[in-house]
Amino acid sequence: MKRVVQAALAAGFLVLAVLALFYGRAGKESENRIDLDPRPSTVSPFREEATLRNVTKRPIAYTIMPGKGVRGPVARTLAVGAIDRIATDLPVEISFDDGKRTSAYTLHPGKPYSFRYDASDTVRVYPGSHGREDAADLAPFVPTPKIVVERMLETAAVEKKDLVYDVGCGDGRMVIAAAKLYGARGVGIEIDPALVAECRAAAEREGVSRLVRFLEMDATKAHLTEATVLALYLLPESLEILSPLFERDLGPGARIVSHDYKIPGWEARLVRSETLTDEAGREHAIHLYRMTGKT
Ligand SMILES: C[S@@+](CC[C@H](N)C(=O)[O-])C[C@H]1O[C@@H](n2cnc3c(N)ncnc32)[C@H](O)[C@@H]1O
């Protein structure tokens, strides 16, 4: 019984944390956020550990609390960009003082987590995308709703001659929709092998597998030189990490369309922003950028 309650609480925590991550931060631009149907990723190849990554800009101190199979308390400090691999086959609790209050988070084996900033720049623990040390964690999987996908493609004026890239493509819905609606070719880049398998199956099912392909890789190592349209749904700090790639690879006239978040420092290339209200009455921001050549 205790296990069932624990499992229910764990599932609830993950759903709430992903929602808080995307709603809370998008809430900077709009108060009313959509339910994005979060689904925790299972990309971590490790079962008997929880990974905890620091994607903030300062070292983070926290304490691993004593528990079943965990001796403690153990004080840890995680350097910027570092990953702690907490060996455990049971949920483990960490305690963390964010400067305003001390919070306890329960981490689960086989799952990745990240220290990230919330909308008010307070550091909190959120679900991550993967626990790989050789790759950036750009965002957990939160799919863009269909109505927003379609508006993003329209906003970017996608045509048959375009090659649409989605960097962190999730289940592949963006490039699959571009192929179905406009006959455009597409490339989806995704680090989670389970999602890449879903992308390929969906492309097959939708009859567009000759137009789209999916690369299982870390997007920060990708080459985007062939892209004429880039569709994105990533957190602002991840857009900041990737923007030098966009500068390096995208040719004049290429369009970038970003769901909810603006690319930091790219005001000069911003063509327009709009807000779309979905069936549930929730709002999504869409930002369109156009490459004008090297600055
Ligand atoms: C917020 S979801 C967006 C999914 C999709 N683009 C959409 O709009 O529906 C972000 C995706 O980025 C993926 N991701 C995170 N870090 C990544 C990395 N370093 N390389 C490639 N994909 C990554 C996650 O697994 C997740 O599927």
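**Cysteines and the ligand site**

Modeller: A search of the whole structure turns up zero disulfides, a disulfide being a pair of cysteine sulfur atoms within 2.5 Å. This is a predicted model, where local features need pLDDT of at least 70 and side-chain atom pairs pLDDT 80 or more, while totals for chains, interfaces and linings use all residues. Residues are numbered from 1 along each chain as its sequence is written, and side-chain values use heavy atoms, leaving out hydrogens and water.

Colleague: Are C169 and C199 buried or exposed?
Modeller: Buried means under 20% relative accessible area, exposed over 50%, partly exposed in between (1.4 Å probe, protein chains only). C169 counts as buried at 4%, and C199 is buried at 0%.

Colleague: Now the ligand: which polar atoms come up around it?
Modeller: For a polar contact, look for a pair of N or O atoms within 3.5 Å. An oxygen atom of the ligand is 2.5 Å from an N or O atom in the T144 side chain. A ligand nitrogen lies 3.0 Å from a polar backbone atom of L138, and a ligand nitrogen is 3.5 Å from a polar backbone atom of M217.

Colleague: How much of the ligand's area does the protein bury?
Modeller: Areas come from the Shrake-Rupley method with a 1.4 Å probe. Taken alone, the ligand exposes 600 Å², and the protein buries 100% of that.

Notes: Polar contact = N/O pair within 3.5 Å; in protein donor to acceptor, adjacent residues only side chain to side chain.
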